[in-house]
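Hi,

Here is the structure I promised to pass on. Have a look at it first, and my notes follow below.

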Amino acid sequence: STSPWLKTAHSCSSVSPAHLSVNAMAKSKNHTGNNQVYKNHRNGIKKTRRPKKMSMQGMNCKFVRNQAFAKRGMNCTPEGKEQRLVAQKEAQKKMEEKKVVERANRLKELEEAAKSKK
């Protein structure tokens with residue numbers, strides 16, 4: 001009749017007899033999309049919403065920070081804008097004067113170095 005192997009396995013409660021059956025066939029159907037299209041169309045398939053603001057995630061944080069300050073700087077009154085332009089021009093003049101002085105000092109140093117080598 002049945003083999004002694006199966007009799008001992010049946011006595012063990014953790015193992016089900018279906019797994020041990022010699023005649024059991026392999027399961028062939030793993031997935032079906034039977035009702036899925038109907039379910040998806042019940043509420044309609046919608047286009048994704050476009051974001052109002054572009055994400056800054058993953059951008060260079062130094063750039064993002066500077067961009068925010070630049071945007072805030074553009075929102076000002078005409079009087080404030082004129083004051084800023086005047087201050088900017090003065091700062092530019094100071095920097096140019098400083099550059100000229102530094103260049104003259106550098107040329108002097110190079111001439112002195114050339115004289116000392118001779």
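A quick term before the rest: a patch here is made of residues with over 30% relative accessible area and no salt bridge, and nonpolar side chains are joined into one when they lie within 5 Å. Keep in mind that this is a predicted model.

With that in hand, there is a nonpolar patch on the surface formed by Met-54, Met-56, Met-59 and Phe-63, with about 390 Å² of accessible area together. One of its members, Met-56, sits in the loop between helix 3 (36-42) and helix 4. Met-56 has a relative accessible area of 33%, so it counts as partly exposed.

Now to helix 4 itself. Its N-terminal end is capped by Asn-60, where a side-chain oxygen lies 3.2 Å from the backbone nitrogen of Lys-62. Helix 4 covers residues 61-74, and at 1.5 Å a residue those 14 residues should span 20 Å; the end C-alpha atoms are 20 Å apart, which agrees.

Helix 5 (residues 78-117) passes the check too: its 40 residues should span 58 Å, and its end C-alpha atoms are 58 Å apart. How many of the 40 residues of helix 5 are buried? The number is one, so helix 5 lies largely in the open.

Last, the cysteines. A disulfide is a covalent bond between the sulfur atoms of two cysteines. Counting pairs of cysteine sulfur atoms within 2.5 Å, I get zero disulfides. Cys-61 is exposed, because its relative accessibility is 63%, while Cys-76 is partly exposed at 33%.

Cheers

Technical notes: Residues are numbered from 1 along each chain as its sequence is written. This is a predicted model: local features need pLDDT of at least 70, side-chain atom pairs count only at pLDDT 80 or more; totals for chains, interfaces and linings use all residues. Side-chain values use heavy atoms; hydrogens and water are left out. Helices (H or I, at least four residues) and strands (E, at least two) are DSSP runs, numbered from the N terminus. The expected span of a helix is 1.5 Å times one less than its number of residues. Buried means under 20% relative accessible area, exposed over 50%, partly exposed in between (1.4 Å probe, protein chains only). A polar contact is a pair of N or O atoms within 3.5 Å; within protein, one must be able to donate a hydrogen and the other to accept it, and residues adjacent in sequence count only if both atoms are side-chain atoms. Patches are made of residues with over 30% relative accessible area and no salt bridge: like charges are joined within 9 Å, nonpolar side chains (Val, Leu, Ile, Met, Phe, Trp, Tyr) within 5 Å. Accessible areas come from the Shrake-Rupley method with a 1.4 Å probe; for residues, only the protein chains shown count as cover. A salt bridge is a side-chain nitrogen of Lys or Arg within 4 Å of a carboxyl oxygen of Asp or Glu.
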